[in-house]
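Student: Hi! I'm new to this one. Could you walk me through it?

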Amino acid sequence: MVHLTAEEKALVTGLWGKVKVDEFGGEALGRLLVVYPWTQRFFDSFGDLSSADAVMGNPKVKAHGAKVLQSMGDGIKNLDNLKGTFSKLSELHCDKLHVDPENFRLLGNVLVCVLARHFGKDFTPAAQAAFQKVVVGVANALAAKYH
Amino acid sequence: MVLSATDKANVKTFWGKLGGHGGEYGGEALDRMFQAHPTTKTYFPHFDLNPGSAQVKGHGKKVADALTTAVNNLDDVPGALSALSDLHAHKLRVDPVNFKLLSHCLLVTLALHHPADFTPAVHASLDKFLATVATVLTSKYR
């Protein structure tokens, strides 16, 4: 369960309205693969990931990043029920994809860096604090069905 | 984890572009850390931690200066930060998990103020650099 104050919810939904979900998603996933290269282990079928430029320009990375961030957007619309929202995805990531939940934490923090990069001063410490709660909540929800 | 020649070049070049704002960024990173990760405040009961606090700004400058020392000695970070390493091990004893939290907030601050220079490759090198510093500062803990 994630506990955001009313102000925090407003900060999150306000900023999210300005997020270019497809673009930011591609950038976040790309940066995850560049900054933490061991995360590439899940993406053998994605083709050329041999350099930062190759990763960032890779169409499969962009497409998958967009998908991931759209999903995050669903979470933001349902902050009071993240576990329910991500229940099926949690099962998928455990049973079929075999992804260590630590990766969700890494991606969450990379996303926070991407938001900072794009929003500059609008990404105030209070906004960051609110988003840190959201990304932790989403990561925990995605890990909830692991066994 | 070892800093490659490219990592070192990336870090030096990026750091050179901070334009004297390093101290200010250090303070902002601490501020962000205290707000996003309130458990970190437990190490500063003697500080005024309200945003804009002079103590936080002063401490931010200390942190930034230490990082600059590391940047200027990338071939021997353990040597350059040896005294700070002793301090953290024997006096401050900040739990190692907190270095990741501050490192993350430093990256956020740098990304925010230098969006164009904070490329994915530079982001990777900076993350490695901060992890290296954290390892050095906790290296004498036990």
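Tutor: Happy to! Chain A has eight helices and zero strands, where helices (H or I, at least four residues) and strands (E, at least two) are DSSP runs numbered from the N terminus. This is a predicted model, in which local features need pLDDT of at least 70, side-chain atom pairs count only at pLDDT 80 or more, and totals for chains, interfaces and linings use all residues. Residues are numbered from 1 along each chain as its sequence is written, chains are lettered from A and ligands numbered from 1 in the order written, and side-chain values use heavy atoms, leaving out hydrogens and water.

Student: How compact is chain A?

Tutor: Its radius of gyration is 15 Å, close to the 15 Å from the globule rule for 147 residues, so chain A is as compact as a globular protein of that length. That radius is taken over C-alpha atoms, and the rule is 2.2 Å times the number of residues to the power 0.38.

Student: And what box do the C-alpha atoms fill?

Tutor: Roughly 45 × 40 × 20 Å, along the principal axes.

Student: What share of the residues is buried?

Tutor: Buried residues are 52% of the 147 in chain A; buried means under 20% relative accessible area, with a 1.4 Å probe and protein chains only.

Student: New topic: what does UniProt annotate here?

Tutor: An unreviewed UniProt entry gives "domain: Globin" for residues 3-147 of chain A, and such annotations may be inferred rather than shown by experiment. That span is 70% helix and 0% strand, and its end C-alpha atoms lie 25 Å apart.

Note on methods:
Buried means under 20% relative accessible area, exposed over 50%, partly exposed in between (1.4 Å probe, protein chains only).
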